[in-house]
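Please examine the sequence and the model before reading on.

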Amino acid sequence: ILFVEKEAKYRQLLPIADVLGVSIVSGGGWQATALIEDLANVLESDKSYSIFVLTDFDPTGYQISDDFRRRVQTHGINVERVERVGIEPGQIPQETLEAEKFRVPVENDNDREWLQKHGITDEFGDPAFGLELEAIGSRGSQAADFRRVVVDALEPHLDKDRRRNKDTNIETANVVAKGVDGLVDQITES
């Protein structure tokens, strides 16, 4: 399951959900409580799940990721792992990073701590910047660039054999269906 903080970015990722064999859900930032409750109601309780989180690279994005992790466990979803997979400065080209980074407003100790640990440095070497998910892939071919970043982040966690078996089963079903359709056509033409 891939949880995406921003609705617009969620929509950009929908075309790759089936290809990757993952469910993609939009959390709308802090509004994820209802989503987590819905997941708890529909997911099989005897199965364990990996949940990947995609948020802004800023204090709020990290808080959303941490909060999501806590709430998933509180609602009794059997989770193997919850892992934040982006966005990170190393996932985008340096030119884009320089153009899209924003100065993180420091409003509390959490913001200061986050900047010291994660912040992108300014020209004086001071940690000051973050990134929004919109930093890449806002339209056109850039959406494909964004999907590539997400695929690259998720790929080490995907069960390729499971995906290959699913593809094989679908293709086998298509061949059988075509064969049956051909036989039906031959019978009805006779």
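Buried means under 20% relative accessible area, exposed means over 50%, and partly exposed lies in between (1.4 Å probe, protein chains only). The model is predicted, with local features requiring pLDDT of at least 70 and side-chain atom pairs counting only at pLDDT 80 or more, while totals for chains, interfaces and linings use all residues. Residues are numbered from 1 along each chain as its sequence is written, and side-chain values use heavy atoms, leaving out hydrogens and water.

Arg84 is part of strand S4 (residues 79-86), strands being DSSP runs of E with at least two residues and helices runs of H or I with at least four, numbered from the N terminus. Arg84 counts as buried because its relative accessibility is 15%. Beyond neighbours within four places in sequence, Arg84 is in contact (heavy atoms within 4.5 Å) with residues including Val53, Asp56, Tyr62 and Arg69.

Arg148, in helix H6, has 45% relative accessibility and therefore counts as partly exposed. Arg148 and Gln91 are 57 residues apart in sequence, with their C-alpha atoms 9.8 Å apart in space.

The table gives side-chain polar contacts, that is, pairs of N or O atoms within 3.5 Å, where within protein one must be able to donate a hydrogen and the other to accept it, and residues adjacent in sequence count only if both atoms are side-chain atoms.

| Side chain | Partner | Distance |
|---|---|---|
| Arg84 | Glu88 side chain | 2.4 Å |
| Arg148 | Asp152 side chain | 2.9 Å |
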